Amino acid sequence: MNNKEDERVDTGVKEPYFWNPRTHEFLGRTASSWGMMIRPRGEAMEILYNTKDTESFDIYAQTLNNFLESYNNSLQVQNNDECPPDNYFIQEDSGEVRNNPKRSCQFNRSTLEECSGITDRTYGYQKGQPCVLIKLNRVIGMLPGKDGQSPYVTCGAKRYKVGQDEWKEDSDAIGELAYYPPNGTFNLMYFPYYGKKAQLNYSQPLVAVKFLNISLNTDVNVECKINSNTLKTGGERDKFAGRVSFKLRITSPKN
């Protein structure tokens with residue numbers, strides 16, 4: 001998993017050279033190869049804090065506040081369009097003349113509901129119900145779904161090796177999850193992406209996952225993945241593509 005955000009530089013070459021709409025591959029690889037990222041990320045992809053120690057989780061809440069500032073409803077209404085959902089927002093160029101700047105669809109912070117930081121400034125961290133935000137890398141021209149079906153995120157316990165031939169997963173510890181927007185979708189209206197120069201106000205769609213009753217005082221290894229009706233199953237080199245893994249440990253002293 002490459003945590004660096006990818007974006008193809010605008011070289012003037014026509015998009016199909018990079019994005020193949022027939023095979024849904026980007027530069028010869030499946031779209032899932034371009035990865036997912038989380039916020040807050042923490043060191044070594046670990047989110048560790050103590051519910052009784054405000055400073056231990058304030059850093060995560062502040063990270064999310066800073067990240068979501070550009071998603072404030074007032075800014076989104078001012079800068080972006082209210083688009084009809086479940087359809088690509090395709091903006092054709094006129095012959096050789098590029099239609100720039102291109103418009104972008106609103107992604108309002110309030111869409112994240114319990115994970116927006118609007119009603120709960122600690123994003124659930126103080127209550128032991130933390131929110132984690134997920135985004136996809138930007139890929140110019142990518143069309144990640146068909147037949148009106150948006151790609152969506154699912155999270156669960158990560159299977160990991162604990163011995164030479166022994167594997168484990170924390171299924172009993174991860175508990176119930178809630179997704180925002182509903183069903184954890186990256187709606188089609190946020191695609192295709194035309195690049196920084198073309199879409200100055202583009203706001204990447206986000207998915208928030210909230211851990212409602214995760215086990216406390218223990219390590220819980222989590223894996224989230226992207227699901228789409230256009231993404232091919234990767235081969236050996238891509239078996240971890242379209243996924244992001246992280247560890248959660250919430251300490252909650254009894255006294």
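Colleague: In which sense do β7 and strand β12 pair, and over how many bridges?

Modeller: In this predicted model, β7 and strand β12 (residues 220-227) pair in the antiparallel sense, over 6 bridges. Within that pairing, G156 stands opposite E223 in β12.

Colleague: What holds paired strands together in general?

Modeller: Strands of a sheet pair through backbone hydrogen bonds, and the pairing is either parallel or antiparallel.

Colleague: What is the strand order in the open sheet?

Modeller: The open sheet has 4 strands in the order β5-β13-β12-β7, and its pairing is mixed. At its edges lie β5 (46-50) and β7 (152-157), each of which pairs on one side only. From one strand to the next, the twist averages 25 degrees.

Colleague: Turning to the aromatic residues, how many aromatic pairs are there in the whole structure?

Modeller: The search finds 9 aromatic pairs. One of them joins Y49 and F57, an edge-to-face pair with 6.0 Å centre to centre and 75 degrees between the planes. Both Y49 and F57 are buried.

Colleague: Why is the pair of F67 and Y71 called tilted?

Modeller: The ring centres of F67 and Y71 are 6.1 Å apart and the planes stand at 40 degrees, so the pair is tilted. Planes under 30 degrees apart would count as stacked, and over 60 as edge-to-face.

Colleague: Are F67 and Y71 buried or exposed?

Modeller: Both F67 and Y71 are buried.

Colleague: Which residues form the aromatic cluster with Y49?

Modeller: Y49 forms one aromatic cluster with F57, Y60 and Y125.

Colleague: Where does the charged end of K102 sit?

Modeller: The charged end of K102 sits over the ring of Y194, at 4.7 Å from the ring centre.

Key:
Residues are numbered from 1 along each chain as its sequence is written. This is a predicted model: local features need pLDDT of at least 70, side-chain atom pairs count only at pLDDT 80 or more; totals for chains, interfaces and linings use all residues. Side-chain values use heavy atoms; hydrogens and water are left out. Rings of Phe, Tyr and Trp (its six-membered ring) pair if their centres lie within 6.5 Å; planes under 30 degrees apart count as stacked, over 60 as edge-to-face and the rest as tilted. Buried means under 20% relative accessible area, exposed over 50%, partly exposed in between (1.4 Å probe, protein chains only). A charge sits over a ring if NZ of Lys or CZ of Arg is within 6 Å of the ring centre and within 35 degrees of the ring normal. Two strands pair if DSSP finds at least two bridges between them. Helices (H or I, at least four residues) and strands (E, at least two) are DSSP runs, numbered from the N terminus. Axes are lines fitted to C-alpha atoms, for helices over the stretch in contact, and angles run from 0 to 180 degrees between N-to-C directions.
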